[in-house]
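Trainee: I have a model open and would like to go through it. Can we start with how the strands get their numbers?
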Amino acid sequence: MRPCILACLLFFAVCAEASANDLYADINRTRAGNGNCAVGDGAPPLRPRAALERAAREFARGDNLQNSLNRAGYRSTRSTALTVSGNGVGEQAIAVLARQRYCPQLTDAGLTEVGIYRDARVVWIVMAAPFAPLVGVSGETAGQRVLDLVNQARATSRYCGNTAFYAARPVRWNGSLAEASRQHSEDMARWNYFSHSGRDGSNPAQRVERAGYRYRATAENIAAGQMKPEEAVAGWIKSPDHCANLMNPAYTEMGAAFAVNAQSEMGVYWTQSFGKPW
């Protein structure tokens, strides 16, 4: 009996693996425009990843998607999970998913990798884009955009927390403040920390002085994780202390910069330095 049991288990495992491989192919055919999902030019094929197969298995055990990805050691920028169940579902999973209106997820070109886990009646599919921080514009362009957004914000009175601020005059760009911002952003990105206190113990005032800026007043805003200048400035406006720096009429100049390190916790680090020169 035991040899028969082992042979049957082996046969089931081989069939399950074959069905999973077929489903990977079915998903990619769907993304290419062949199937029940209407697509435009088609999305690139998804790459199977063992880590996402582990995440799908954790998801099948009842954990939420983010915890499942964490347990599998997979760091994502974007992710989604699909589940389909029923007798014989392995052979018709794509058709069932299309009927359940999952086509937007199946054909999402922003998702690039996939993992599948299945049992006799249920298929779990996890699709994701691996963590790849990208601002998408040059440092000069990002700095100019931050300056424009800051001056747009200063043109309107607002509350920063419970403190009211009148509209303030626009600030102008300063290269020394931008250099201080660049150095601090790069240091945070390289050494994977997020603080107004530099790794060498420096404070914002000391950093702008080292960059050659002689000031009457200075302040610093920092942000991490935002992939666009618009997101960084929006975060500063929502933060009472950062908003107060941004709206302070005493400051007449600013500089800003970002740095990227895909191996760091937050990926992208922003620094904005304000000043009033002597």
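Mentor: Strands are DSSP runs marked E of at least two residues, numbered from the N terminus. By that rule Tyr-159 has its place in strand 5, residues 158-160. Keep in mind that this is a predicted model.

Trainee: Is Tyr-159 buried or exposed?
Mentor: Tyr-159 counts as exposed because its relative accessibility is 61% and the cut-off for exposed is over 50%.

Trainee: What is Tyr-159 in contact with, leaving aside its neighbours within four places in sequence?
Mentor: Ala-164 and Cys-243.

Trainee: How do strand 7 and strand 9 run?
Mentor: They run parallel and are joined by 2 bridges. Arg-172 is opposite Glu-253 of strand 9.

Trainee: Now the nonpolar cores. How many residues are in the largest one?
Mentor: The largest nonpolar core has 27 residues, and among those with the most contacts inside it are Val-146, Trp-236, Leu-246 and Met-254. Elements giving two or more residues to this core include helix 6 (139-154), helix 9 (229-238) and helix 10 (240-247). Helix 6 gives the largest share, 6 residues.

Trainee: What does Met-254 touch?
Mentor: Not counting residues up to four places away in sequence, its contacts include Val-146, Leu-147 and Val-150, as well as Trp-173, Leu-177 and Phe-274. There is also a second, separate core of 20 residues, which includes Tyr-24, Cys-37, Val-84 and Leu-111.

Trainee: Back to helix 9. Which residues in it are buried?
Mentor: Pro-229, Ala-232, Val-233 and Trp-236. Down the axis of helix 9, the buried residues fall within an arc of 95°, so they line one face of the helix.

Trainee: Why would residues three or four places apart point the same way?
Mentor: An α-helix has 3.6 residues a turn, so residues with that spacing point the same way.

Trainee: What covers the buried residues of helix 9?
Mentor: The cover includes helix 6, strand 8, helix 10 and strand 10.

Trainee: At what angle do helix 9 and helix 10 pack?
Mentor: About 105°, with their axes 5 Å apart. Helix 9 is therefore roughly perpendicular to helix 10. Residues making the contact include Val-233 and Ile-237 of helix 9, and Pro-240 and His-242 of helix 10.

Trainee: Last one. What about the open sheet with the order 1-3-4-2?
Mentor: It has 4 strands and mixed pairing. Strand 1 (47-48) and strand 2 (76-85) stand at its edges. Strand 2 pairs with strand 4 (residues 122-130) in the antiparallel sense over 9 bridges, and Ser-79 is opposite Ala-128 in strand 4. Helix 3 (residues 65-72) lies across strand 2 and strand 4, at about 110° to strand 2.

Notes. Residues are numbered from 1 along each chain as its sequence is written. This is a predicted model: local features need pLDDT of at least 70, side-chain atom pairs count only at pLDDT 80 or more; totals for chains, interfaces and linings use all residues. Side-chain values use heavy atoms; hydrogens and water are left out. A nonpolar core is a set of buried Ala, Val, Leu, Ile, Met, Phe, Trp, Tyr and Cys residues joined through side-chain atoms within 4.5 Å. Buried means under 20% relative accessible area, exposed over 50%, partly exposed in between (1.4 Å probe, protein chains only). Contact means heavy atoms within 4.5 Å. Two strands pair if DSSP finds at least two bridges between them. The arc is that of the directions from the helix axis to the C-beta atoms. Axes are lines fitted to C-alpha atoms, for helices over the stretch in contact, and angles run from 0 to 180 degrees between N-to-C directions. Angles under 35 degrees count as roughly parallel, over 145 as roughly antiparallel, 65 to 115 as roughly perpendicular and the rest as oblique.
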